[in-house]
Amino acid sequence: MYSQKKLIVSHAPFIHEGSRVPNRNYHIILAALPAVLMGFYHFGLPAVGVVALSVSSAMLWELLANVLRKKEKHTIGDGNAAIIGLLFAMLLPATIPWWFIIVGTFFAVMVGQQAFGGIGHNPFNPVVFAALVLFVSYRNYFDFNVALVNYDFEFAAIYPLTALKTYGVSGVEGFSTMDLLMGNQTGGIGATFGLGIILGGIYLIIRGFIRWEISLSFLAGIFITAAIFNFANPDQYAGPMFHLVTGYTLLGAFFLATEDSSSPVNFNSMLIYGAVGGFMTILIRNIGAYADGVLFAIVLINLLAPIFEKIRPKALGKVD
Amino acid sequence: MIKKSFIGLVKPRIDYTILTDPDPALIDIPQPGRVTLLLEGNGNGELKKGDLLKTGQLISTAKDIFAISPVTGTVENISGWAGDFGQGYTAVSIDVAKDEEFDEQFSEVVKNISLENAVKYFSNLPGKPSFKKFKDPELDIHTIVVNGMDEDIWMTANQYVVQSRVKAIKSGMEALSKITGVNSIVLVVPESQAAAAAAAGVDVKVVSSQYPSAQPKMILKDLFGKVVPAGRNPENIGYCFMSAEAVASISDAVSTGKAPTKKVLTLINKDGGMIIVTAKIGTPVSDVFKACDINVEEKDRVVYGGPFTGSAIYSMEHPILPDTNALLVQDRENIPLVSDYPCVNCGECVRICPAIIQVHSLARLLEAGQYEEAADNYDLNSCIECGLCSFVCVSKIPIFQYIRLAKYELDRIRLAEAEYV
């Protein structure tokens, strides 16, 4: 009896489809690359430096968190910190000082995520959370017109959303939607190349790594709200297409609002979540004090996500 | 092994294995030297070591616990056995004698069998037909659903019985109706067998081949338009499920007067190859593997039942049970393990759940041991136990295990409270 072979005993199910969290994360990084590479092309070596420092410092913060929390298995290899670092860098102007990045990734990884218990536990998208903390604290560093003043672009070197805020629709008449979509605008390192972001987003949607419900309803929310404003007063409020391809809109729709942990999972909840995000973005852009409202809107919908999640379908055989 | 498709946008569709071969290869496992019966509860009853048993002879180890001996032989040992959750079983080992003798009492009783005797004599026939539910005064069973589909993927034992013995099923259904007094008996089969079954003159309903459509609660929902209230069983709304093999066994017992003792099961090899085997109830697993030339190494996994809902065994001496429909052998290289990675809220489980449960919330409560909250507000009791949530979980959280454990713990609490009052 005791010489018998020892078998592995575990609970059902005995098969798994093989998806893993690191796999998800690396695909998201891959999908973000086209936009980042365009950022490198436009903003040169300083942009490379920002991205490299951001990714590496985010990973080091996560390593520190692992050590402090006495984790047996370190999680920096799962790609989560790398995504945080990459997406954070994509929001920044290429000339941002080094300490800003270190502080930003600290807020993203340590405060935004690890303080809540690590991956899966963060109530806010850590990247958006950190970017907002710094935006509110050091607003001047996010002024793309000042930050990129020494660059010599082939296109109008004015941040489209600031131009809109300052001069109204007449200030942005020079921008064509196609130009903006192809990345011929100033802005964050990875936020300008709209086409690349869309392609990456579509790839992620097809692979099932992000949900189309959120991305699409976010964009629809922006489009419809902007269209209503534009319809009401075309001289003061820019058209919906302009809003879709400027600022952090596309990055927000495909990479920020879709973050798993801070977004709902039910079909209706996702649609409402995205639509409210888009609606708030335009509200802030058009009648708020800030040029871009994507970050604020996303933090707001992150905050509301648990409430949206209460809208849930009835379970099988539920009696009430 | 089933893998996630490249296009992950749509939720994965998992299909049952449908028996297409009209004459599949069958391996008959030779009579083993010793068989073991597992009976619920602890105790010996009147049974002693050294008792002689004939094939079909009724034994009882405790009040209301009955079985018939599948072989002729001598009781060699009676010992305790622990189930998956630690429930007590009694293992009765019987040394098989050379010459088989059939018990006269069995043939006498089944000639005109009453419900009372069906509970006793049919309780461990192949397919495990249970008649206890018909005796329960609180249940009003008006329909018997004979499931000609297997409950899990990669299994074809029940389909094989429907394909090869549809006449026996028909006469079994008639016998069943006579015993229980239930007139409405429906056979549920996959599309491929519907025509043949209907031609035999039985009531047929066709079930989809998408897992988990053949689970009792899904059959009721899809084919009968009835939803079983959360936490209740099909019996509570008047439907009783029986496997096709069980009905065929009843037919055999009634028509021949001899107890059927051979269990049909699907053997799923390490490489995914499936063969249908028949074996005496009580045959040790090691004998089955020996006869089929399957080599089980240390740290491999042997599962009773299918890949989604089966249970892993820890000993090669484990006997074939009357309801063992499949044996799955997994190579140690191919065993996906669970992890302690936290839930990342991707929502795959919520989207695939056939019971529309908020699995991501449920899993978090169960992880924290909040079983009552989970049952009250997060639909723990709606779960139909298909295992799909754990199958798709990116973090490889053992959600299904949490759910089963929670249900078991809640039952225990409820029992303890009932006793205390």
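Mentor: Start with the open sheet in chain B. It has four strands, in the order β2-β7-β6-β3, and the pairing is antiparallel. In general, strands of a sheet pair through backbone hydrogen bonds, and they do so either parallel or antiparallel. Keep in mind that this is a predicted model.

Now look at the edges of the sheet. β2 (34–40) and β3 (52–53) of chain B stand there. Each has a single partner strand, so one side of each is left without a neighbour in the sheet. Take β3(B) and follow its pairing. Two bridges join β3(B) to β6 of chain B, residues 73–82, and the two strands run antiparallel. You can find one of the contacts by residue: B:L53 has B:G73 in β6(B) as its bridge partner.

Chain B comes to 14 helices and 16 strands. Its radius of gyration is 22 Å, close to the 22 Å that the globule rule gives for 421 residues, so chain B is as compact as a globular protein of that length. Along the principal axes, the C-alpha trace of chain B spans about 60 × 55 × 45 Å. Of the 421 residues in chain B, 48% are buried. Consider the contacts in chain B with a separation of 6 or more: residues 24 or more positions apart account for 67% of them.

Next, see where chain B meets chain A. The contact takes 60 residues from chain B and 41 residues from chain A. On the side of chain B that touches chain A, the elements giving two or more residues are β14 (301–304), β15 (311–313), β16 (326–330), α13 (388–392) and α14 (399–420) of chain B. The residues on that side divide into 35 nonpolar, 15 polar and ten charged.

Finish inside chain A, with a pair of helices. Helix α10 (residues 212–232) and helix α13 (residues 267–287) of chain A have axes that come within 7 Å and cross at roughly 40 degrees. The crossing of α10(A) and α13(A) is right-handed. The contact between α10(A) and α13(A) has 17 nonpolar, nine polar and one charged residues.

A:K165 sits in helix α7 of chain A, residues 160–167. With 18 other C-beta atoms within 10 Å, A:K165 is partly exposed. A:K165 and A:N184 are 19 residues apart in sequence, and their C-alpha atoms are 19 Å apart in space.

Methods: Residues numbered from 1 in each chain as written. Chains lettered and ligands numbered in written order. Predicted model: local features only at pLDDT ≥ 70, side-chain atom pairs only at ≥ 80, totals over all residues. Pairing = 2+ DSSP bridges. Axes fitted to C-alpha atoms, helices over the stretch in contact; angles between N-to-C directions. Left-handed = near helix turned anticlockwise from the far one by under 90°. Nonpolar A, V, L, I, M, F, W, Y, C, P; charged D, E, K, R; others polar. Rg over C-alpha atoms; globule rule 2.2 N^0.38 Å. Buried ≥ 20, exposed ≤ 12 C-beta atoms within 10 Å, placed from the backbone. Contact = placed C-beta atoms within 7 Å.
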